[in-house]
Amino acid sequence: MAAPTMDRSTAAAAASPVQTLTISKALNMGLRASMEANPKVIMMGEDIGKLGGVFRITDGLQKDFGEQRVLDTPLAESGIIGTAVGLAIRGYRPVCEIQFDGFIFPGFDQIVSQVAKLHYRTQGKNKLPMVIRVPFGGGIGAVEHHSESPESYFAHTAGLKVVSCSNPADAYWMIQQAIDCDDPVLFFEPKRRYYEKGEVDTTATPGKLFESRVLRSGTDATLVAYGPMVRTSLDAAAAAAEDGTSLEVIDLRTLSPLDLAPVYDSVRRTGRLIVVSEAPSEASISSEIAAKVQQECFYSLQAPVLRVTGFDTPYPPSKLEEEFLPDLDRVLHAVDRSLAW
């Protein structure tokens with residue numbers, strides 16, 4: 001196969017180690033870097049080739065790497081995942097795109113029954129180095145099945161790794177680290193943040209994949225979030241600072257395994273915790289965090305752990321989604337409740 005070529009914009013971007021990129025472009029560059037580094041990396045999904053994906057995350061990859069490495073698949077998520085399992089067993093590193101979060105459920109059986117269990121079932125003989133990319137969350141005015149937050153299903157499932165990026169730098173590095181991982185990784189991408197920009201240093205030494213990160217230091221209360229709610233939490237912290245309230249913001253980044261050591265350290269200093277997530281609160285990642293912090297930091301807490309989440313209902317029609325999604329006002333209201341306890 002001939003060496004892949006790059007268009008002018010991509011070539012110009014590659015010339016500078018520090019660039020201002022959207023999350024979507026950072027993911028595209030990260031996928032490209034992985035494909036250039038390892039010929040066993042294969043992309044699979046509906047419309048990811050000639051179209052470049054619904055969100056254009058894979059734009060240009062089929063043109064540069066060919067149809068044998070960037071495959072347009074039938075509309076069959078179970079078939080996509082099942083085929084990827086076979087490829088992974090044979091030594092490839094498939095990257096599957098689920099077009100929208102709500103479309104993952106036709107492939108759910110493959111993920112929880114095969115992907116999650118084959119390494120354990122074969123006593124380590126068969127590794128499953130595959131990544132399942134999932135654009136998730138609401139806020140884009142989409143129709144039914146296009147704005148779900150199904151991450152708790154997979155974080156609950158032993159044998160799967162689950163991560164979520166929230167900014168371009170993490171998008172660029174985390175997707176490459178997920179592809180390099182020998183375990184299957186569910187990679188949740190905040191679709192309504194795809195076009196938000198940030199600096200990416202392509203020569204930096206990235207942090208570990210499965211660790212959370214303090215994004216803003218504070219003393220009065222701790223906000224913990226992931227994916228699309230990280231930006232909301234940072235905005236809430238900035239607004240609170242104008243009123244003299246200092247909020248610490250932690251981006252979880254990894255949902256399974258949870259890295260809660262920085263959260264424990266923070267709560268022991270601030271005495272208060274608010275967990276922010278788009279997903280409904282019942283039996284969720286936010287409830288797991290609340291339980292573990294209560295267990296580990298009981299004597300440090302000055303108020304109950306509070307949660308700001310989506311409601312325990314099916315995702316509403318798009319005209320009502322602003323009422324469903326946690327926003328700055330709901331986060332700040334929870335902060336006020338915690339501080340008043």
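Buried means under 20% relative accessible area, exposed over 50%, and partly exposed in between, using a 1.4 Å probe and protein chains only. Welcome to a predicted model, in which local features need pLDDT of at least 70, side-chain atom pairs count only at pLDDT 80 or more, and totals for chains, interfaces and linings use all residues. Residues are numbered from 1 along each chain as its sequence is written, and side-chain values use heavy atoms, with hydrogens and water left out.

**View 1. R253 is a buried residue with a positive phi.** Start with R253, whose phi is about 65° although this residue is not a glycine. Most residues other than glycine have a negative phi, and most peptide bonds are trans. R253 sits in the loop between strand 11 (247-251) and strand 12; helices (H or I, at least four residues) and strands (E, at least two) are DSSP runs, numbered from the N terminus. Is R253 buried or exposed? Its relative accessibility is 2%, so R253 counts as buried.

**View 2. Q123 also has a positive phi.** Here phi is near 55°, again in a residue other than glycine. Look for Q123 in the loop between helix 6 (118-121) and strand 5 (131-136). Q123 is exposed, because its relative accessible area is 79%.

**View 3. A cis peptide bond joins S256 to P257.** The omega of this bond is near 5°. P257 belongs to the loop between strand 12 (254-256) and helix 10 (261-270).

**View 4. The largest nonpolar core has 43 residues.** A nonpolar core is a set of buried Ala, Val, Leu, Ile, Met, Phe, Trp, Tyr and Cys residues joined through side-chain atoms within 4.5 Å. M130, L186, V263, L273, I289 and V293 touch the most other members. Elements giving two or more residues to this core include strand 2 (41-45), helix 5 (108-115) and helix 11 (285-296). Helix 4 provides the largest share, five residues. With contact meaning heavy atoms within 4.5 Å, I289 touches V224, L252, L258, L260, L273 and V275, leaving aside residues up to four places away in sequence. Another core, of 34 residues, lies apart from it and has L27, A178, Y194 and V200 among its members.

**View 5. Helix 2 is mostly covered.** How many of the 15 residues of helix 2 are buried? Twelve are, including I23, L27, N28, R32 and M35.
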